[in-house]
Amino acid sequence: MRQSRKLEHIKYALELADGPLPTGLSDIRLVHNAIPELNLEDVELHVQVFERSLEAPLLINAITGGNPGVLEINRLLARAACAAGVGMAVGSQTGALLDPELAGSFAVVRQENPAGLVIANVGAMVSPALALQAVEMVEANALQVHLNVAQELAMAEGDREFRGALENIAKLVETSPVPVIVKEVGFGVSGEAAKVLQGLGVTWIDIGGAGGTNFVSIEHRRKTVSPVPEDWGIPSAASLAEVTAMCPGCNIIASGGLRTPQDAVKSLAIGASLVGIAGLWLKILLQQSYTDLVAELDSFKAGLRCLMLLLGARTVPELRRVPLVIAGSTGEWLRQRGVETGQWSRR
Ligand SMILES: Cc1cc2nc3c(=O)[nH]c(=O)nc-3n(C[C@H](O)[C@H](O)[C@H](O)COP(=O)(O)O)c2cc1C
């Protein structure tokens, strides 16, 4: 059942468009710097993260594994991540923890990228012993723990019991040999939820906001009848700004509908340390080609470099000092949520 679901998720992710909620990133306006005093070649995209050096602060986010039919997808995604010098997270390893024969479609990611950033992925209820096996399966540099309550509720065969996740996440943080990233899969993390996680010792949060791949829509396509509305969730821009403002000290991965270098630069300027993209890059690989995916990653990096120059930011951390304006419904959301937007517009 789980194995065939993996293939259906890919099939419908390819067929469906992003949304229906917008990410809100178009509400964010970066302030152009007419006198950047930089040459294009001065701009430095490199970041050091999870004890790995990346050519750019980008991550191919968790997609798949756990079915022999997806081994080739993971091989090519990992090869592209290696070629472009970006990180990669594997999809949920739960199935392979129960049936070790499925481990090969995950292990291939490390084989293709021996020195790169590889991130393991488990659910929030997985035991510390199994989480350790997931880390070992891909020799991971970090462990994603995914939160997907809305998706489970939308699935006819999904979980209905979520109590105990916090206690388990605290145990995972305590026992994991690598840093734990708590990650939403497309419905966003609120500032309050992020604070609770931070209180448990979580130092990395992937806000996985709404506006991109939508697992409620995917489940509805699988002909499950569910009361979860397709416009559920916190749009990525609002989630990212909330968590940045309410959780100082937390490291943030921005994801959920980010599609362009401008989306990435806006997210890094608001407060993210890394940008994760899943749906778009999966579509390019499967609907176009591996070569197109590598070209996309290269042109994405060129786009980041160009926009950083236009903002006068020589390095990725310097983006955190450039001013930006948050207008529209994201600005209104933040105002009503008590988040002072002057921290970005007047810095
Ligand atoms: C086909 C597919 C399968 C996915 N499977 C997982 C998964 O197993 N674990 C997980 O944490 N996220 C999974 N995701 C969610 C992505 O990592 C990401 O959080 C989400 O798609 C939003 O990003 P996007 O809009 O760039 O696609 C999956 C996404 C896709 C498209």
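**Exercise 1. How many bridges join E8 to strand E9, and which way do they run?**

Solution. Before we count, a word about the model: it is predicted, local features need pLDDT of at least 70, side-chain atom pairs count only at pLDDT 80 or more, and totals for chains, interfaces and linings use all residues. Residues are numbered from 1 along each chain as its sequence is written, and side-chain values use heavy atoms, with hydrogens and water left out.

Step 1. Find the elements. Helices (H or I, at least four residues) and strands (E, at least two) are DSSP runs, numbered from the N terminus. Strand E8 covers residues 180–184, and strand E9 covers residues 204–206.

Step 2. Apply the pairing rule: two strands pair if DSSP finds at least two bridges between them. E8 and E9 are joined by three bridges and run parallel.

Step 3. Pick out a facing pair. Val 182 stands opposite Ile 205 in E9.

**Exercise 2. Follow the strands on both sides of E8 and E9, and state what they form.**

Solution. Step 1. Recall the background: strands of a sheet pair through backbone hydrogen bonds, either parallel or antiparallel.

Step 1. Look at strand E7 (residues 142–147), which pairs with E8 in the parallel sense over five bridges. Here Leu 143 has Val 180 of E8 as its bridge partner.

Step 2. Go on from E9. E9 and E10 are parallel and share three bridges, with Ile 205 partnered by Ile 252 in E10. E10 and E11 also pair in the parallel sense, over three bridges, and Ala 254 has Val 275 in E11 as its bridge partner.

Step 3. Strand E4 (residues 58–60) and strand E5 (residues 87–89) are parallel over two bridges, and Ile 60 faces Met 88 in E5.

Step 4. The eight strands E4-E5-E6-E7-E8-E9-E10-E11 make a closed barrel with parallel pairing. From one strand to the next, the twist averages 25°.

**Exercise 3. Decide whether E8 and E10 are enclosed or open, giving the reason.**

Step 1. Take E8. Five of its five residues are buried, so E8 is largely enclosed by the rest of the structure. Val 180, Val 182 and Glu 184 point one way, while Ile 181 and Lys 183 point the other way.

Step 2. Take strand E10 (residues 251–255). Four of its five residues are buried, so E10 too is largely enclosed by the rest of the structure.

**Exercise 4. Describe how helices H12 and H13 meet.**

Solution. Step 1. Get the geometry. Axes are lines fitted to C-alpha atoms, for helices over the stretch in contact, and angles run from 0 to 180 degrees between N-to-C directions. The axes of H12 (residues 279–288) and H13 (residues 290–311) come within 7 Å and cross at roughly 145°.

Step 1. List the residues in contact, where contact means heavy atoms within 4.5 Å. From H12 come Leu 280, Trp 281, Ile 284, Leu 285 and Gln 288; from H13 come Tyr 290, Asp 292, Leu 293, Glu 296, Leu 297 and Phe 300.

Step 2. Ask what covers H12. Its buried residues are Gly 279, Trp 281, Leu 282, Ile 284 and Leu 285. Their cover includes helix H1 (2–15), E4, helix H2 (71–84), strand E11 (274–277) and H13.

Key:
Buried means under 20% relative accessible area, exposed over 50%, partly exposed in between (1.4 Å probe, protein chains only).
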